[in-house]
Amino acid sequence: MTVFAVERSLPGVTMEALAGAQAAAIGAAAASSARGVPVRYLRSVFLPADARCVCLFEAGSAEAVRSVNDAAGLPYSAVSEAMDLPAPAA
């Protein structure tokens, strides 16, 4: 599976709304996987100074990730293949 970054602009978003969006993304990914189109939500990073959010998903295609975000009702400006670079083991 490939990692995809979903970019969002969220001006004026509250922490409560961010938590709700995260829950919606997780739920929509689980529903997609249950239907046989595996998508896994990995994590999100919110940049408050820019009102931008980047969410990482693991899936077989960008279209699957778009479908999950559409089903969750979450806005996005781009879905791009990404390289997730975790910290090296100490």
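These notebook entries record what I looked up in the structure.

**Entry 1: the model.** I note at the outset that this is a predicted model.

**Entry 2: aromatic pairs.** I searched the whole structure for aromatic pairs and found one. Tyr 41 and Phe 57 form this pair, and its geometry is edge-to-face. The ring centres are 5.6 Å apart, and the planes stand at 80° to each other. I recorded both values because a pair of aromatic rings is described by the distance of the centres and the angle of the planes. The label edge-to-face follows because an angle over 60 degrees counts as such.

I then asked which strands hold the two residues. Tyr 41 belongs to strand 2 (residues 39-47) and Phe 57 to strand 3 (residues 52-59), so the pair ties together parts that lie 16 residues apart in sequence. Both Tyr 41 and Phe 57 are buried.

**Entry 3: the nonpolar core.** I looked up the largest nonpolar core and found that it has 20 residues. At least two core residues come from each of strand 1 (2-9), helix 1 (15-34), strand 2, strand 3 and helix 2 (62-72). Helix 2 gives the most, with five residues.

**Entry 4: the two helices.** How do helix 1 and helix 2 cross? Their axes come within 8 Å and cross at roughly 125°. The two helices are therefore oblique to each other. I noted the crossing of helix 1 past helix 2 as right-handed. For the contacts, I listed Ala 24, Ala 25, Ala 28, Ala 29 and Ser 32 in helix 1, which meet Val 68, Ala 71 and Ala 72 in helix 2.

Definitions and conventions: Residues are numbered from 1 along each chain as its sequence is written. This is a predicted model: local features need pLDDT of at least 70, side-chain atom pairs count only at pLDDT 80 or more; totals for chains, interfaces and linings use all residues. Side-chain values use heavy atoms; hydrogens and water are left out. Rings of Phe, Tyr and Trp (its six-membered ring) pair if their centres lie within 6.5 Å; planes under 30 degrees apart count as stacked, over 60 as edge-to-face and the rest as tilted. Helices (H or I, at least four residues) and strands (E, at least two) are DSSP runs, numbered from the N terminus. Buried means under 20% relative accessible area, exposed over 50%, partly exposed in between (1.4 Å probe, protein chains only). A nonpolar core is a set of buried Ala, Val, Leu, Ile, Met, Phe, Trp, Tyr and Cys residues joined through side-chain atoms within 4.5 Å. Axes are lines fitted to C-alpha atoms, for helices over the stretch in contact, and angles run from 0 to 180 degrees between N-to-C directions. Angles under 35 degrees count as roughly parallel, over 145 as roughly antiparallel, 65 to 115 as roughly perpendicular and the rest as oblique. A crossing is left-handed if the near helix is turned anticlockwise from the far one by less than a right angle, and right-handed if clockwise. Contact means heavy atoms within 4.5 Å.
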